[in-house]
Amino acid sequence: MASNVALPQCRVCQTPYRFGGPEPYLLPCLHSVCKACLDSDIEGTMSCSICRETFFKTVRAKDAVTARAVFLATAVHSASELFCTNRGDGNQAFSWCQECEAFLCHDCETSHSENKSSKTHPTVSVEELVKIGKDYRRKQQCKEHKTYPLAMFDHDCDELLCLACRVQGHEGCDVGSIEGVYRFLKGQTLPEYISKLTEKMAANNAAEVALTEFDAELDRSRARIKGSIRHTFQELHEGLQQREKEITQRLDQYLDILKRENSESLAEVRLMTERCDTVLDFNQKCLNLATPSDLFSMKRTIEARTTSCTRVKLPLVRTSDSLPMFTKNGLDDVKAMVAAYTCLSGDYLPTDGLEENFPDNETAQRYKREKQLLHWRTELEKVEGDMSVLQMAYDRHLRHATELRRNLEVTPVRQFISSILNPFRTRRSQSIAS
């Protein structure tokens, strides 16, 4: 295979498929899985790397589309690597037999065209196979009757039939041409699916664009609001600092006044003490040294000075009650206001992950409803997954019951089986309709 050609790969183990190797199988998400992942016993489930969905390892249908893509990619891009598969002798392939589904070399093509059983088989050269590409269609053989091609479709049993199947078990069924069903699927069903999916993709793309724009707006809003918050709290911090300076200045002014008054009172008391000490000392000396005539002559002076010293009022002596105090009255209210202050407004602003932290009850209720809706969506996805598994199990048992019905030839027993299967058919129709 050319190095620049990317082959489809298993969406579980990421291993590329190759022509002639194990065939891919189809997951419910319509991605393919290789047989190795499907048969692995390591785990009971497998996860698609694209859809990120997990599925049980049950019997899966073969992915014919992916197998066809691998076949065409090999034929178109690496025709020189195709070898004869008729004998496996290693010769380069020259043509492709549509009936035998085998590559033929020159020798095998000659013998193939001369063989009585295969000379009518249509063959296509590798060059022509490359040219017709995806328009190439091959006939599929019945798995039960190997020599008969699948040429009819049973609308009642919803399966492809060959001529032998038609006459051996589907006599009373609504059977039509496979080409008619093919044209109906390609002309109506698949275009309808494509139209619905196209509309859904357009809606998805519009939603993706809107979500991408909103994501960018979230980043811009984050930067803008953070700048506003930083500026707001910077102003608040500056205001607090200014208020701190004002209170500190007032404290200094008040303490300076008290300090000055106290210093003046202290100086006055010291002066009074010195004066009283002088008068006291003189009175004691007079008591010991003065004669009666001396004491009588100084009586008026001593009396006036003593009276002057004793009658002078002491200055105001302040106590600790006069000291200023820094009270925290109202501080808790200020803290509560700062804690409750917010410059944000929006539907979802939980501060601690609790609904009661929303700014109002309406927003909290909306948040609860969104959480409940998300929970219901998750539960619904789980239920849908279980329904898918049950539907596959039901289909498997229904196919088994249909095979049993074909093998039964006694009419009463067929009626008994039909009476058992009818409830299942009704339930299936109801589940499909729902």
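Q: Which helix gives the most to the lining of the second largest pocket?
A: Helix α6 does, with 10 residues. Helices (H or I, at least four residues) and strands (E, at least two) are DSSP runs, numbered from the N terminus.

Q: What am I looking at here, a predicted model or something else?
A: This is a predicted model, where local features need pLDDT of at least 70 and side-chain atom pairs count only at pLDDT 80 or more, while totals for chains, interfaces and linings use all residues. Residues are numbered from 1 along each chain as its sequence is written, and side-chain values use heavy atoms, leaving out hydrogens and water.

Q: Which ones lie nearest its centre?
A: Those are Arg243, Ile247, Phe326, Thr327 and Leu331.

Q: And which helices each supply at least two residues of the lining?
A: Both α6 and α9 (331–340) do.

Q: Where does α6 run?
A: Helix α6 covers residues 178–289, and Leu185 lies in it.

Q: Is Leu185 buried, exposed or in between?
A: Leu185 counts as partly exposed because its relative accessibility is 38%. Buried means under 20% relative accessible area, exposed over 50%, and partly exposed in between (1.4 Å probe, protein chains only).

Q: New topic. How many salt bridges does the structure hold?
A: There are 8 salt bridges. Each is a side-chain nitrogen of Lys or Arg within 4 Å of a carboxyl oxygen of Asp or Glu.

Q: Why would such side chains pair?
A: Side chains of opposite charge can pair when their charged atoms come close.

Q: Which residue does Lys35 meet in a salt bridge?
A: Lys35 meets Asp39, at 3.2 Å, N to O. Lys35 and Asp39 both sit in helix α1 (residues 35–39), 4 residues apart, about one turn of the helix. Lys35 is partly exposed at 36% relative accessibility, and Asp39 is partly exposed too, with a relative accessible area of 43%.

Q: What about Glu192, which residue does it meet?
A: The side chain of Glu192 forms a salt bridge with that of Lys196 (3.4 Å, N to O). Glu192 and Lys196 belong to helix α6 and are 4 residues apart, about one turn of the helix. At 41% relative accessibility, Glu192 is partly exposed.

Q: And which partner does Glu217 have at 4.0 Å?
A: That partner is Arg224, and the distance runs from N to O. Salt bridges with shared partners join Glu217, Arg220 and Arg224 into one network. Glu217 is partly exposed at 32% relative accessibility, and Arg224 is partly exposed at 48%.

Q: Last bit. What is phi of Leu30?
A: Phi of Leu30 is near 75°, a positive value in a residue other than glycine.

Q: Where is Leu30 found?
A: Leu30 is in the loop between β1 (25–26) and β2 (32–33). Leu30 counts as exposed because its relative accessible area is 64%.

Q: What about Asp158, what is its phi?
A: Asp158 is not a glycine either, and its phi is positive, about 55°. Asp158 lies in the loop between β8 (152–154) and β9 (159–161).

Definitions and conventions:
1 Å grid on protein atoms, 1.4 Å probe; cavity = no way out; pocket = protein on both sides within 12 Å on 5 of 7 lines; lining within 4 Å.
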